[in-house]
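Okay, thanks for coming, everyone. I've got one structure to walk you through today, so let me put it up and we'll go piece by piece.

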Amino acid sequence: MPKSKWKSKWKLVMVVTGVVLMAAGAARAGYKLQTGQVRMSRNDVDYSGFASGTLSNARSSSDSNQRIYCYTYPTFGACVAFPSTLTSGISCSTQDAGMLAVMRSVNGDSSVFFQADTQGNCVNVVVYNDSANMPKLN
Amino acid sequence: MRTAIMTILVGMGCGGVGFYVGHHGPSAELRSAHAAVSPVEPAPAASAQAPGVCVASVDRQVLREELARALGGGAGADTPAAAPVPAKQPPPPTPAQAAAFDDARQGVDGALARGSLTSEQADDLRARLLKVDPESHYQLVTELVVALNHGKLKVENGDMIF
């Protein structure tokens with residue numbers, strides 16, 4: 001192979017490699033959370049507790065148990081979480097207008113945290129709509 | 001005779017002093033001394049300057065209003081206290097609503113008794129709960145929430161959307 005031909009081929013390989021690397025870099029730019037598994041903690045005496053998780057991470061988890069969601073009606077709503085390591089879950093319900101508004105802000109890329117008291121009432125509901133969350137792809 | 005004249009003169013003097021005090025009121029010194037002794041009483045100067053009005057000549061209604069205002073009751077204090085407004089009672093459930101509630105109640109009780117909910121049972125319970133009034137719906141869902149939190153209810157596929 002002539003030296004000039006080999007040189008131009010090498011140049012082409014370098015250019016293609018550079019483009020691929022740049023594209024990959026662009027696609028991976030920005031801070032990304034790597035965790036978001038559904039977790040819960042429950043007091044085994046009074047059965048209060050809390051749970052957190054990212055909807056996309058729960059959906060893409062390798063196990064078939066993880067699930068976290070909130071649902072609302074006009075007058076009340078509830079959040080529910082099932083972590084991977086337990087067959088049971090935790091939930092809370094509320095009629096509080098402020099917490100209902102928070103629940104309604106959940107979307108497929110949200111992280112959710114909620115806290116239940118001994119009677120199953122929500123005492124705290126937090127939604128993180130964060131760019132670092134993994135997008136829910138399917 | 002001299003004694004009698006002196007007595008008459010002293011008597012006239014006392015009468016004059018009494019007339020003066022009675023006509024002009026107590027002196028400033030007397031008033032300040034009185035105020036110092038009994039500070040909680042209203043200042044006599046105010047009452048001394050108030051126009052002399054016979055209470056009997058005041059219209060009774062006006063007097064009542066003034067008294068009520070002075071006692072802090074306001075203009076409407078003499079009106080009888082308004083009867084407490086009874087809380088608005090929800091209308092009694094219609095037979096259809098009562099039947100829907102009984103049906104949903106049975107569904108929840110069945111789930112709690114079994115301690116488990118399959119996806120089909122959850123679908124069925126959801127359909128029943130959606131027929132009851134919002135408040136009863138909330139109360140029944142909360143019973144399921146408590147059962148889940150107590151570990152007394154296992155839910156297939158985590159389907160707790162009721």
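So, strand β2 of chain A: 5 of its 6 residues are buried, so the strand is largely enclosed by the rest of the structure. Keep in mind that this is a predicted model.

Who sits next to that strand? On one side, β2(A), residues 49–54, pairs with β1(A) in the antiparallel sense, over 4 bridges. Then take Ser41(A), whose partner in β2(A) is Phe50(A). The hairpin of β1(A) and β2(A) has 6 residues between the strands, and in that hairpin Tyr47(A) takes a positive phi near 65°.

β2(A) also pairs with strand β6 of chain A, residues 111–116; those two run antiparallel and are joined by 6 bridges. Phe50(A) turns up again here, with Gln115(A) as its bridge partner in β6(A). One reminder for reading strands like these: in a regular strand the side chains alternate between the two faces of the sheet.

Now zoom out a bit. What is the strand order in the whole sheet? It goes β1-β2-β6-β7 in chain A, an open sheet of 4 strands with antiparallel pairing. At the edges you have β1, 39–42, and β7, 122–128, each pairing on one side only. Neighbouring strands in this sheet are turned by 5° against each other on average, if you ignore direction.

Okay, over to chain B and its helices. Helix α5(B), residues 95–114, packs with helix α7(B), residues 134–149, at an angle of about 0°, and their axes are 11 Å apart. That makes the two helices, α5(B) and α7(B), roughly parallel. From α5(B), the contact uses Phe101(B), Ala104(B), Arg105(B), Val108(B), Ala111(B) and Leu112(B), while α7(B) brings Ser136(B), Leu140(B), Glu143(B), Leu144(B) and Ala147(B). Sort the residues of that contact by class and you get 8 nonpolar, 1 polar and 2 charged.

Last stop, where the chains touch. How many residues does each chain put in? Chain B gives 15 and chain A gives 22. On the chain B side, the elements giving two or more residues are α7 and β2, the latter being 154–155 of chain B. The largest share of that side comes from α7(B), with 8 residues. By class, the chain B side has 9 nonpolar, 5 polar and 1 charged residues.

Terms used. Residues are numbered from 1 along each chain as its sequence is written. Chains are lettered from A and ligands numbered from 1 in the order in which they are written. This is a predicted model: local features need pLDDT of at least 70, side-chain atom pairs count only at pLDDT 80 or more; totals for chains, interfaces and linings use all residues. Axes are lines fitted to C-alpha atoms, for helices over the stretch in contact, and angles run from 0 to 180 degrees between N-to-C directions. Angles under 35 degrees count as roughly parallel, over 145 as roughly antiparallel, 65 to 115 as roughly perpendicular and the rest as oblique. Two residues are in contact if their C-beta atoms, placed from the backbone, lie within 7 Å. Ala, Val, Leu, Ile, Met, Phe, Trp, Tyr, Cys and Pro count as nonpolar, Asp, Glu, Lys and Arg as charged, and the others, Gly among them, as polar. Two strands pair if DSSP finds at least two bridges between them. A residue is buried if 20 or more other C-beta atoms lie within 10 Å of its own, exposed if 12 or fewer, and partly exposed in between; C-beta atoms are placed from the backbone.
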